[in-house]
Amino acid sequence: MKILVTGGAGFIGSHLIDYLISRQHYVVCVDDLSMGRLEHIRHHLQNSHFEFFELDILNGAELNQVFSSGKFQCVFHMAANSDIPAGVQNMNLDLQKTFLTTHCVLECMKNNGVKDLVFASSSAIYGKSYEPLAEGDGPLRPVSFYGAAKLASEAYISAACEVHDLRAWIIRFPNVVGERATHGVVFDFINKLRQNPGRLLILGDGKQQKPYLYVKDLIESILFVWNNSSGDLNCFNIAPSDSVTVTQIAEIVVGEMGLGDVEFSYTGQDRGWPGDVPRFEYDVGKINALGWKAPTTSAQAVKIAVKAQLREISCATTSGNNCRW
Ligand SMILES: NC(=O)c1ccc[n+]([C@@H]2O[C@H](COP(=O)([O-])OP(=O)(O)OC[C@H]3O[C@@H](n4cnc5c(N)ncnc54)[C@H](O)[C@@H]3O)[C@@H](O)[C@H]2O)c1
């Protein structure tokens, strides 16, 4: 198949591209490199089944050009703002990068007759839910502009399925960790501890508790859902069935870094920052019933992610940025 991946130079998008190319698909990647990195896709640049366009999706005319020459059979829309706290400070960020990118992609799909869309949504659409919510549950009350922009994107996709005869797979990711991560709690803890190995300031009270999904499990689940559900609008929660607290993550990081006595201190509130969801669990019965269960637990995923990041740091230190992950 000929597939467009937006945000393909990012953390998750680049793993998706590795997977699609390994399954013999022809992949076109669009990314403005605002958060993504060229080294995440460098190993495909000479591949005749891969093309990369450094392009802002909001540049509708250029994106339309990519669509009209591409004749895609499916679009995987991964591009978005991935810095949720930054989006709380700057209300424009998620409007542009998380919502309007989706709008532009939908418009180009309509203009070029592309019918299939796989969309990276998020558990953030649920907001502070104290009960595990399933895909059809509501009301949905996001607590960040990022979550609001993902929910608005879902709403536009739903309308486009009806009005433009699209088929869509909306997949609500939890926190995702693993190789090539450029943000998130594991990334932050390692960076803080490299600067000060004796002390770690943890945002919140450390009791925030969420599921963490290993990035390679996520990619498998996306492809599984895409291949095994065929309604017009297919919506799935994805996560492992367990969770870890932020303090447990800090302990895993300290252990993997081989540090002895690290003093943990806390900023104190129940959430890390305005827009953070302190506790989260959602119902993954639908994807489990379809036949997919995360093989890696949250704690195992965090451990893999810590090891990977330490390897990446050591490789970058010894050989510049010339590492193949
Ligand atoms: N990482 C997670 O824990 C997580 C959780 C839930 C949902 N998601 C979603 O998964 C997707 C991928 O996330 P990620 O963690 O890989 O983030 P990322 O920042 O690594 O990847 C997003 C990519 O989109 C690109 N991008 C942003 N705005 C663009 C624009 N206007 N034009 C072109 N490219 C643009 C960035 O440069 C980046 O490469 C996002 O949609 C994100 O919201 C991620």
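Guide: R180 is placed in the loop that runs between β7 and α6 (185–195). In this predicted model, the phi angle of R180 is positive, about 75°, although R180 is not a glycine. Is R180 buried or exposed? R180 counts as buried, because 22 C-beta neighbours lie inside 10 Å and the threshold for a buried residue is 20 or more.

D165, however, is exposed, since it has 11 other C-beta atoms within 10 Å, and a residue with 12 or fewer is classed as exposed.

The domain assignment divides the chain into domain 1 (2–177 + 212–237) and domain 2 (185–210 + 242–319). The C-alpha centres of the two domains are 24 Å apart. Their contact draws on 28 residues of domain 1 and 26 residues of domain 2. On the side of domain 1 that touches domain 2, the elements giving two or more residues include β7 and β10 (212–214). Helix α7 supplies the largest share of that side, five residues. By type, this side of domain 1 consists of 17 nonpolar, eight polar and three charged residues.

The nonpolar residues deserve attention next. In soluble globular proteins, nonpolar side chains tend to be buried together. Here the largest nonpolar core has 95 residues, and among those with the most contacts inside it are I171, V177, V186 and L213. Helix α5 (residues 145–163) contributes the largest share of this core, eight residues. Where does this core lie in relation to domain 1 and domain 2? It lies between them, because both domains give residues to it. As for L213, its contacts beyond the neighbours within four places in sequence include F173, P174, I238, A239 and A301.

Strand β7 (175–177) is one of the elements that give two or more residues to the shell around the ligand. That shell has 28 residues, of which G7, G10, G36, A80 and S82 come nearest. Helix α1 gives the most to the shell, with three residues. The shell is made up of 14 nonpolar, 10 polar and four charged residues.

Conventions:
Residues are numbered from 1 along each chain as its sequence is written. This is a predicted model: local features need pLDDT of at least 70, side-chain atom pairs count only at pLDDT 80 or more; totals for chains, interfaces and linings use all residues. A nonpolar core is a set of buried Ala, Val, Leu, Ile, Met, Phe, Trp, Tyr and Cys residues joined through C-beta atoms within 7 Å. Helices (H or I, at least four residues) and strands (E, at least two) are DSSP runs, numbered from the N terminus. Domain bounds come from an automatic or database domain assignment. Two residues are in contact if their C-beta atoms, placed from the backbone, lie within 7 Å. A residue is near a molecule or strand if its C-beta atom, placed from the backbone, lies within 6 Å of it. Ala, Val, Leu, Ile, Met, Phe, Trp, Tyr, Cys and Pro count as nonpolar, Asp, Glu, Lys and Arg as charged, and the others, Gly among them, as polar.
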